[in-house]
Amino acid sequence: MKFMKLGSKPDAFQADGKCTRYVKSDLSADVIINVGDVKFHLHKFPLLSKSNHLQKLVLKANEENSDEITMADFPGGPKAFEICAKFCYGMTVTLNAYNVVAARCAAEYLEMSEDVHRGNLIFKIEVFLNSSIFRSWKDSIIVLQTTKSLSPWSEDLKIVGRCIDSIASKTSVDPSNITWSYTYNRKLSASDRIVEESMKFRAKIESVPKDWWVEDICELDIDLYKRVITAIKLKGRMDATMIGEALRNYAVRWLPDSVEALVADSHSWRNKLLVETLVFLLPSDKGVGCSCSFLLKLLKVAVLVGVNDSSREDLVKKISLKLPEASVKDLLIPAESPQTTLYDVELVKCLVKYYLVHENCGQKLVDVMKNDGFGCDDFVLGRGSLLNVGKLIDGYLAEIAHDPNFDPTSFVDLSRSIPEMARSIHDGLYKAIDLYLKEHPTLEKGERKRICGLMDVKKLSMDVAMHAAQNERLSLRVVVQVLYFEQVRAAAGVQALNNNPSDVSRSTIANTDEEWDKTTDANEDCYSLKKHRSQINIKNEDCQKNDRLTKTSSKTSKSLIQLFPSRSRRMFDKLWVVGKGQSANRSSETSGSSQSPASLVPGDTKSSGSSARRRRYSIS
């Protein structure tokens with residue numbers, strides 16, 4: 001810490017109790033000056049020689065035949081006045097970062113300028129400020145902290161502005177040129193460590209991190225912190241990531257951990273102001289500079305302390321820009337009245353809505369650039385972010401499915417809030433639906449059917465499809481679709497192995513999609529069944545002539561078909577038999593499965609009525 005000594009005489013000020021100060025001298029005091037609750041018994045000559053304001057006050061007191069002067073509004077109080085009085089007496093006084101602002105304001109009040117005396121106190125303090133204080137990182141922060149209690153004097157003397165400018169300028173200095181001390185209690189990242197190689201040895205040293213300044217300015221009050229961050233941003237030399245890191249550290253430093261402390265009456269106003277200020281200071285660029293996790297935690301606090309609507313809306317929009325980075329845990333924000341759910345589902349819908357708006361705008365920009373012939377690889381984030389949002393919403397649905405107040409309409413609306421392309425597979429959606437049906441067993445048939453209709457069984461993985469085939473909570477139509485599609489997919493995969501073993505996956509997908517589309521045509525049920533069987537069945541005598549690959553494929557087919565439980569297969573067989581006899585009056589739940597894969601199972605002759613259909617077939 002920098003300091004400055006003024007005067008050369010020994011300190012002769014003494015105290016008589018707590019409220020009286022006097023100078024030990026052979027001469028008796030001829031003036032009493034009241035500053036606050038302290039009386040100073042002093043001598044007129046040394047004071048009047050350097051203070052123009054005291055000259056006026058003494059003259060006025062003489063006119064009133066009084067030897068006592070009162071200064072109730074003296075800046076800095078008795079301590080600041082004592083510094084000025086000692087300077088007038090030529091006694092030794094030490095100025096430092098903690099008292100220099102008070103001394104400067106007091107000297108201004110007493111009008112201790114160069115017009116009254118050459119080399120007066122104002123001049124000396126200004127030299128100290130400009131040559132030492134404002135050149136020191138930590139001293140500038142300390143001085144800025146002391147200015148709050150001395151407002152408006154410190155503002156009028158531009159001490160606050162000069163401190164802020166000094167701090168902001170130092171944060172923009174190249175870290176390699178920093179020579180002053182700073183506080184840094186966090187671990188250095190890998191990018192902040194360098195290796196220098198010399199001619200004789202190789203040593204690893206720790207460089208100054210880019211965010212070296214973050215912790216020190218966290219000691220400032222929120223209003224001064226706001227002005228410092230604003231000044232740093234106006235310099236234009238600090239990237240958004242560093243600004244975001246500074247805001248995160250300030251929030252960690254000052255926001256309490258417990259909900260009770262956040263909403264306590266004694267601190268609720270301060271916490272509300274703090275959150276609103278942090279939201280205001282968030283970087284405005286698309287990258288935001290803060291992690292999505294931090295922003296969502298800040299949103300939780302904002303909800304609890306009741307920030308104004310504009311701050312909340314601004315924060316929600318910034319979070320939506322980084323929604324693909326969010327986690328399910330971060331989205332679990334408690335709901336406010338009048339919502340009856342445990343968590344704020346409407347807020348999540350709002351986040352998704354804003355995200356899709358940004359996504360659509362970005363896609364339109366890409367389309368325009370393509371039409372203009374410009375390269376757009378740098379502007380395309382790809383489909384990955386959208387898929388991440390899809391997984392996030394499915395996980396969120398599964399997490400809140402146990403909420404008894406989470407109604408089916410809200411479940412369906414939130415599920416449909418993201419586009420179809422956001423789900424490449426429906427495993428996560430199936431899990432959410434299964435948990436919701438389990439936790440809400442009293443749903444009506446129509447509601448259950450509506451929720452199950454959110455799934456596309458063609459996008460279920462093999463393991464999930466096996467689970468769905470045995471799931472009694474699903475609607476009957478969905479179970480039939482799962483059984484049918486998986487058997488068709490297995491059969492098509494076996495056929496692809498026989499036709500072209502090197503191109504299994506492509507052939508499987510093409511054939512299964514083709515067969516699934518056929519099942520939707522209720523007017524061609526019988527024809528589709530015959531066509532399907534003619535494509536996927538091979539006579540048993542031909543199977544014996546196949547090579548090792550054909551035998552392996554036959555075993556694979558058999559094992560795939562046997563993956564489904566016998567209960568589900570028997571149920572599917574019964575539905576198919578009934579459906580054949582009553583094709584004209586087929587119910588809505590079985591209309592989507594007009595072809596029965598169960599009839600294709602080797603050795604299953606129960607569904608065959610004629611001798612021709614008792615012939616043995618092998619799926620290859």
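How many helices and strands are in the chain? There are 28 helices and eleven strands. The model is a predicted one. The legends below start with the whole chain and then move to close-ups.

**Figure 1. Overview of the chain.** Buried residues account for 46% of the 620 residues. The accessible surface is about 32600 Å². Carbon and sulfur atoms contribute 51% of that surface. Take the contacts between residues at least 6 apart in sequence: 71% of them join residues at least 24 apart.

**Figure 2. The largest nonpolar core.** This core has 155 residues. The members that touch the most other members are I33, L42, M71, F81, W213, I217 and L474. Helix α14 (residues 292–305) gives the most to the core, with ten residues. In soluble globular proteins, nonpolar side chains tend to be buried together.

**Figure 3. The surroundings of L42.** Neighbours within four places in sequence are left aside here. L42 then contacts F13, V23, A29, D30, V31, I33, L47, F81, A85 and Y89. Two of these partners, I33 and F81, are listed with L42 among the core members that touch the most others.

Figure 4. Helix α6 spans residues 137–146 and is mostly covered. Eight of its ten residues are buried. They are W137, D139, S140, I141, I142, V143, L144 and T146. These buried residues pack against four helices: α4 (100–110), α8 (159–171), α9 (214–217) and α10 (222–235). At the start of α6, a side-chain oxygen of S136 comes to within 3.4 Å of the backbone nitrogen of D139.

**Figure 5. The K56–E111 salt bridge.** The structure holds 21 salt bridges. In one of them, the side chains of K56 and E111 meet at 3.7 Å, N to O. K56 sits in helix α2 (residues 52–63), and E111 in the loop between α4 and α5 (121–131), so the pair ties together parts 55 residues apart in sequence. K56 is partly exposed, at 47% relative accessibility. E111 is also partly exposed, at 26%.

**Figure 6. The R104–E126 salt bridge.** The side chains of R104 and E126 meet at 2.7 Å, N to O. R104 belongs to helix α4 and E126 to helix α5, so the pair links distant parts of the chain, 22 residues apart. Are these two residues buried or exposed? R104 is buried, with 7% relative accessibility. E126 is buried too, because its 17% relative accessibility falls under the 20% cut-off.

**Figure 7. The D223–K148 salt bridge.** Here the side chains of D223 and K148 meet at 3.9 Å, N to O. D223 lies in helix α10, K148 in the loop between α6 and α7 (153–156), so this pair ties together parts 75 residues apart in sequence. D223 counts as partly exposed, at 36% relative accessibility. K148 is partly exposed at 42%.

**Figure 8. A salt-bridge network.** Four residues take part: D11, R21, E82 and K86. Salt bridges link them in a network.

**Figure 9. A nonpolar patch on the surface.** V259, V263 and L304 form this patch. Together they have about 210 Å² of accessible area. V259 is in helix α12 (residues 259–263). Its relative accessible area is 42%, so V259 is partly exposed.

Methods: Residues are numbered from 1 along each chain as its sequence is written. This is a predicted model: local features need pLDDT of at least 70, side-chain atom pairs count only at pLDDT 80 or more; totals for chains, interfaces and linings use all residues. Side-chain values use heavy atoms; hydrogens and water are left out. Patches are made of residues with over 30% relative accessible area and no salt bridge: like charges are joined within 9 Å, nonpolar side chains (Val, Leu, Ile, Met, Phe, Trp, Tyr) within 5 Å. Accessible areas come from the Shrake-Rupley method with a 1.4 Å probe; for residues, only the protein chains shown count as cover. Helices (H or I, at least four residues) and strands (E, at least two) are DSSP runs, numbered from the N terminus. Buried means under 20% relative accessible area, exposed over 50%, partly exposed in between (1.4 Å probe, protein chains only). Contact means heavy atoms within 4.5 Å. A polar contact is a pair of N or O atoms within 3.5 Å; within protein, one must be able to donate a hydrogen and the other to accept it, and residues adjacent in sequence count only if both atoms are side-chain atoms. A nonpolar core is a set of buried Ala, Val, Leu, Ile, Met, Phe, Trp, Tyr and Cys residues joined through side-chain atoms within 4.5 Å.
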